[in-house]
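Work through the exercises below with the sequence and the 3D view at hand, and try each task before reading its solution.

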Amino acid sequence: MNLILLGPPGAGKGTQAKRLEDRYGLKQLSTGDMLRAAIAEGTPLGRQVKEILDRGDLVTDEIMLDMIAERIAQPDCDRGFILDGFPRTVRQAEGLDETLARHGKALAVVIEMKVDEAALFARVANRAAQSTEKRSDDTEETLRKRLGVYREQTAPIIPYYRGKGLLKSVDGMADMDTVTRQIETILGFQPANAPAS
């Protein structure tokens with residue numbers, strides 16, 4: 001089962017993806033982690049990415065899609081994967097559809113984690129207050145910028161996937177366990193039991 005978790009920064013996508021990975025063997029794929037791993041492994045793609053980042057340029061959609069194609073072909077993605085942080089634009093979503101089709105794969109569902117933006121600021125402030133390590137994204141200014149980018153670039157993906165009949169929504173403002181249960185229901189998983197292979 002292959003899925004995307006969508007939602008603004010601070011919605012809890014990473015937390016929920018990790019839970020699904022731990023419980024059901026679906027592989028969480030964060031594009032940031034993939035970029036770092038490709039560079040660390042020194043693959044041809046990794047060397048290309050390193051050169052681009054060293055120049056201060058952005059990695060192109062084509063390279064990101066090549067990297068995803070390479071990653072989903074690995075055995076730990078056999079049960080399925082969860083994309084977290086990609087796609088960020090409609091163009092990337094279209095490219096992802098084509099890439100998956102070429103590899104005989106498809107998305108089962110796209111889950112939008114709906115959140116209240118005002119509450120996100122409170123969540124970030126709370127996380128910053130409780131954390132011993134200061135995260136660079138735990139500031140109101142950073143969150144405001146990232147929300148602006150999300151609304152402008154990523155939110156248009158929502159109608160794109162709704163049009164394909166793939167979009168489902170959960171209440172991202174509920175407590176963590178409730179959000180997990182909502183996602184499990186959408187995926188047809190019995191809570192805390194791994195699905196049959």
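**Exercise 1.** Decide whether tyrosine 160 counts as buried or exposed in this predicted model, and then do likewise for its partner in an aromatic pair, tyrosine 161.

Solution. The relative accessibility of tyrosine 160 is 18%, and because buried means under 20%, this residue counts as buried. For tyrosine 161 the relative accessible area is 0%, so tyrosine 161 is buried as well.

**Exercise 2.** Find how many aromatic pairs the structure holds, and work out how the rings in each of them are arranged.

Solution. The structure holds 2 aromatic pairs. In one of them, tyrosine 24 and phenylalanine 189 lie 4.2 Å centre to centre with 40° between the planes, an arrangement that counts as tilted. This pair links distant parts of the chain, since tyrosine 24 belongs to helix 1 (residues 13-24) while phenylalanine 189 sits in the segment after helix 9 (176-187), 165 residues apart. Both tyrosine 24 and phenylalanine 189 are buried. In the pair of tyrosine 160 and tyrosine 161, the ring centres are 5.1 Å apart and the planes stand at 75°; because an angle over 60 degrees counts as edge-to-face, that is the name for this pair.

Definitions and conventions:
Residues are numbered from 1 along each chain as its sequence is written. This is a predicted model: local features need pLDDT of at least 70, side-chain atom pairs count only at pLDDT 80 or more; totals for chains, interfaces and linings use all residues. Side-chain values use heavy atoms; hydrogens and water are left out. Rings of Phe, Tyr and Trp (its six-membered ring) pair if their centres lie within 6.5 Å; planes under 30 degrees apart count as stacked, over 60 as edge-to-face and the rest as tilted. Helices (H or I, at least four residues) and strands (E, at least two) are DSSP runs, numbered from the N terminus. Buried means under 20% relative accessible area, exposed over 50%, partly exposed in between (1.4 Å probe, protein chains only).
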